[in-house]
Amino acid sequence: MEGIMNKLRHLDAYPKVNEDFYSRTLSGGFITLVSSVFMLLLFFSEIRLYLHPVVETKLVVDTSRGETLRINFDVTFPAIACSILSLDAIDISGEQHLDVKHDIVKKRLDVNGNVIEVRPDGVGSRKMEKPLQRQGGRLKHNETYCGSCYGAESIDGECCNSCEEVRDAYRKIGWAMSDLDLIEQCKREGFFQKIKDEEGEGCNIYGSLEVKKVAGNFHFAPGKSFDQSNIHVHDLQAFRKDRFNLSHTINRLAFGDYFPGVVNPLDGVQWMQKQPIGMYQYFIKVVPTMYTDENGHTIQTNQFSVTEHFKGAERGLLDNLSGVFFIYDLSPIKVTFAEGHVSFLHFLTNVCAIVGGVFAVSGIIDSCIYHGQKAMKKKMEIGKFN
């Protein structure tokens, strides 16, 4: 048994030295103190990394199909009235959403930016108190009003009971409204008086769009939009103006839901219009993104990068294209973020590396200082004897 113990004793890689042979120095004590503090700092840093989740990033090919793209926006136009401003969305597949009103809210703003009125888009038109029949004359008892669409009816018997409905009927068949004074519904609702009352006001428009996940654009522009010979144009004749100040502030623009760490580069961006006519364009590259938190919950969203360009024109040549355009395209590469924790074995390995590394480096430094001092002292003694 004692032979086995002796053999085991010879395997000891850490031979002990009698304390009588130890030589403690001031430099060694200082190095020990500094290395201990440094070791503790690294240790606490490693604990923090172990306790907090880390995010792993990967790039994969986006193989999703048939999905939609949700666009959340909040844009302020300080010099254009809400009654003039419209929102359209068009994609390369040919699908169009003209004069979007669903899930859109407009705030009327005064010259100081204070809110005058908040209403969902398309709501708030004055009702006709004494409407006329299509053929003229007053309504009789229990008779239902049916306003004329002035030749823009898509089906026989279609009714246009408000100025907005007449304008929509004209837009659907690609007609421009040359003179709203001839439209009885617009006269009775005070359409021009409404525009005059809102002159000098601004508009904050916010909401969301649900579009196909293909390249396209959405834009804010004055006037009703319609197609004329397969060209997208805006009818501005009803407003009796040929130029509009499209200065704006983008309070928020996001392609999808929020996730931790996302940066939307257009949030808070301002642009002041200096030329009288033109379009301001944002060219956006949308990057599909998937974020998975430590509990396994997944967020399918998007990030984006952007460049900007202003396209000006001579007066009268580009009036129908005045607006703020957001032209987006999608990247074929998807970015995935996955939260996770460092394993305990990995944490233990790092702690051992910290302790052993600091201990070894501090020992080398102490040895260099000790032997350096010893050599200098020996040389000084030799010089003294000489």
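The largest pocket has a volume of about 570 Å³. Among its 17 lining residues, those closest to the pocket's centre are Gly28, Thr32, Ser362, Gly363 and Asp366. Two elements, α2 and α6 (344-385), each give two or more residues to this lining, and α2 gives the most, with 7 residues. By class, 6 of the lining residues are nonpolar, 9 are polar and 2 are charged. Please keep in mind as you look around that this is a predicted model.

Helix α2 deserves a look of its own. It covers residues 26-51, 26 residues in total, and the distance from its first C-alpha to its last is 38 Å, close to the 38 Å expected at 1.5 Å a residue. Which residues of α2 are buried? They are Ser27, Gly28, Ile31, Ser35 and Glu46. As background, an α-helix has 3.6 residues a turn, so residues three or four places apart point the same way.

Turning to the strands, there is an open sheet of 6 strands with antiparallel pairing, in the order β6-β5-β7-β2-β11-β12. Its edge strands are β6 and β12 (269-271), each of which pairs on one side only. From one strand to the next, the twist averages 20°. Within this sheet, β2 (residues 68-77) and β11 (residues 248-255) run antiparallel and are joined by 6 bridges.

Most residues other than glycine have a negative phi.

| Residue | Phi | Relative accessibility |
|---|---|---|
| Asp99 | about 50° | 8%, buried |
| Asp103 | near 60° | 45%, partly exposed |

Is Asp99 buried or exposed? Asp99 counts as buried because its relative accessible area is 8%, under the 20% cut-off. Asp103, at 45%, counts as partly exposed.

One more loop is worth a visit. Cys146 sits between β6 (115-120) and α3 (163-172), and it counts as buried because its relative accessibility is 18%. Cys146 and Cys160 are 14 residues apart along the chain, and their C-alpha atoms are separated by 6.6 Å.

Technical notes
Residues are numbered from 1 along each chain as its sequence is written. This is a predicted model: local features need pLDDT of at least 70, side-chain atom pairs count only at pLDDT 80 or more; totals for chains, interfaces and linings use all residues. Side-chain values use heavy atoms; hydrogens and water are left out. Helices (H or I, at least four residues) and strands (E, at least two) are DSSP runs, numbered from the N terminus. Buried means under 20% relative accessible area, exposed over 50%, partly exposed in between (1.4 Å probe, protein chains only). Two strands pair if DSSP finds at least two bridges between them. Axes are lines fitted to C-alpha atoms, for helices over the stretch in contact, and angles run from 0 to 180 degrees between N-to-C directions. The expected span of a helix is 1.5 Å times one less than its number of residues. On a 1 Å grid over the protein atoms alone, a cavity is a set of points where a 1.4 Å probe fits but cannot get out, and a pocket is an open set with protein on both sides within 12 Å along at least five of seven lines; lining residues have an atom within 4 Å of a point. Grid points are joined across faces, edges and corners, and a volume is the space filled by probe spheres set on the points. Ala, Val, Leu, Ile, Met, Phe, Trp, Tyr, Cys and Pro count as nonpolar, Asp, Glu, Lys and Arg as charged, and the others, Gly among them, as polar.
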